[in-house]
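Please read the following account with the sequence and the model side by side, taking one region at a time.

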Amino acid sequence: MKKGWKDIPIGGLIEQAGSAAEYKSGEWRTFRPVRDEKKCINCLICWLYCPDSSIKVKDKKMVGFDLEHCKGCGICASVCPVKCIKMEKEQQK
Amino acid sequence: MSKVVALMGDQAAAEAMRQIEPDVVAAYPITPQTEIVMTFAQFVADGRVQTEMIPVESEHSAMSACVGAAAAGARTMTATSANGLALMWEIVYIAASTRLPIVMPVVNRALSAPINIHCDHSDTMGARDSGWLQIYCENNQEVYENIIMAIRIAEHKDILLPVMVCQDGFITSHAVEGVKLYEDKQVKDFIGEYKTAHSLLDVDKPVTYGPLDLQDYYFEHKRQQSEAVKNSLKAIPEIFAEFKKHFGTAYDFVEAYKLDDADMAIVALSSTAGTTKAVVDNLRAQGKKAGLLKPRFFRPFPKEKILNALKGVKAVAILDRSESFSNQGGPLFTEIRAALLDLPQRPLTCNYIYGLGGRDINTEQIKSVYAELEKTVKDKKVKNLVNYLGVR
């Protein structure tokens, strides 16, 4: 049960920093990014351009997508210099 | 020590602003509010206030800058009229919903078209559902005192809503009257220092203002706003009492003038209430039981005070200086008439729409309304529900 009007801060104020991470915007997605690992050169240009910080990086290497927040905008696929990311329709999965 | 100074309504507003010395004023000049911004800008230029004055490029920007400043925790003011208020409309709602205690003198002026710069209440009456509190001033003294009081009302912890302090364009704003000004220190002591609990600039306690709300919480936030307006009915009398203690002037949500034993009454806002008082005195001298009710506040809507004042009256004419085109009467009329339904025995009511676009309202016209009320009392019947006073 979500909180009622007596129990939330007034005026839409959010009192915690960084709470946007709790908002799962990935549900909005129509197209999902799919990466061909063999083709990827780990240049991280996708990480630089992703507007939702949804490119996961570990040890300076691209390791996947944060699909809870990726909205499927396709910018990563568009900027990838080796075209290793394809946008696939969600229901095809 | 107070002193009486000859001031226009706009200058009285600017004097109040000088004494309040807000942290931020963002404003754009528009007739007949111009003298407020002009006079205050001079205070800033002369170094008489430390206020950060933002000369914006439009009223939309003025209210936007005010929202930003108030969210940062600054005591914030602006001022406007008519089309200026219309241009800031989008942000007017945002200021109230974000619960920012901005105080805005509004000099009431007709909305175009056709073009008109003179007084009616169509501008602020349109904003009655915006979530702002609204005070209507009869004269220059009330303009001065209500603006000072509005600061405390807006910033009250149980309210936290923006407040419009309305005066009649030209009739009040450009008429010179003696205004009793209090000492700067007295005013500063009364308003105190403003401290927000949530500053947008507080990096140690970061907060987000104005996030996406959608179906999740928007309804709950609106419910909170209703509660805040309801709370203001309890909190504002505390501020009245403190104002009286501090400055000696007693205020209430409404002013009842010779209403105690009245058979007939007029309800009118702002400067027209003053004109009506002269007619009431005249009729009383002739032995006629006439009275006046002047609501000072339209938001919060002081329902109990209005019912209490009108319960013994036989016929009431409610005067509206704006038209809502419902053909059911103006906004003041429809709300008061609806409230009166809760009385087991209620007065007969009718509506007069008057003074649109600054059309003069004089004592003869008001006398004719009382004459019609006399007939209504005698016939026990309202002849015409919605009337147009002074139209050709």
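Helix 3 and helix 5 of chain B, in what is a predicted model, pack against each other at an angle of about 20 degrees, and because angles under 35 degrees count as roughly parallel, the two helices are described as roughly parallel to each other. Helix 3 covers residues 59-72 and helix 5 covers residues 89-97, with 8 Å between their axes, and their crossing is left-handed. On the side of helix 3 of chain B, the residues that meet helix 5 of chain B are B:His60, B:Met63, B:Ser64, B:Cys66 and B:Val67, and their counterparts in helix 5 are B:Glu90, B:Ile91, B:Val92, B:Ile94 and B:Ala95. Sorted by class, this contact holds seven nonpolar, two polar and one charged residues.

Helix 1 of chain B contributes B:Gly9, B:Ala12, B:Ala13, B:Glu15, B:Ala16 and B:Ile20, which meet B:Asn140, B:Val143, B:Tyr144, B:Ile147, B:Ile148 and B:Ile151 of helix 7. The contact of helix 1 with helix 7 of chain B comprises nine nonpolar, two polar and one charged residues.

Turning to the strands, chain B has an open sheet of six strands in the order 9-11-10-13-14-15, with mixed pairing. Strand 9 (254-257) and strand 15 (386-389) of chain B each have a single partner strand and stand at the edges, so one side of each is left without a neighbour in the sheet. On average, and with direction ignored, neighbouring strands of this sheet are turned by 20 degrees against each other.

Helix 12 (residues 331-340) lies across strand 10 (264-267), strand 13 (315-320) and strand 14 (348-354), and runs at about 145 degrees to strand 13. Helix 13 (residues 363-379) of chain B lies across strands 10, 11, 13, 14 and 15, running at about 135 degrees to strand 10.

Finally, there is the contact between the chains, in which 11 residues of chain A touch 18 residues of chain B. The chain A side of this contact has six nonpolar, three polar and two charged residues.

Conventions:
Residues are numbered from 1 along each chain as its sequence is written. Chains are lettered from A and ligands numbered from 1 in the order in which they are written. This is a predicted model: local features need pLDDT of at least 70, side-chain atom pairs count only at pLDDT 80 or more; totals for chains, interfaces and linings use all residues. Two residues are in contact if their C-beta atoms, placed from the backbone, lie within 7 Å. Ala, Val, Leu, Ile, Met, Phe, Trp, Tyr, Cys and Pro count as nonpolar, Asp, Glu, Lys and Arg as charged, and the others, Gly among them, as polar. Two strands pair if DSSP finds at least two bridges between them. Helices (H or I, at least four residues) and strands (E, at least two) are DSSP runs, numbered from the N terminus. Axes are lines fitted to C-alpha atoms, for helices over the stretch in contact, and angles run from 0 to 180 degrees between N-to-C directions. Angles under 35 degrees count as roughly parallel, over 145 as roughly antiparallel, 65 to 115 as roughly perpendicular and the rest as oblique. A crossing is left-handed if the near helix is turned anticlockwise from the far one by less than a right angle, and right-handed if clockwise.
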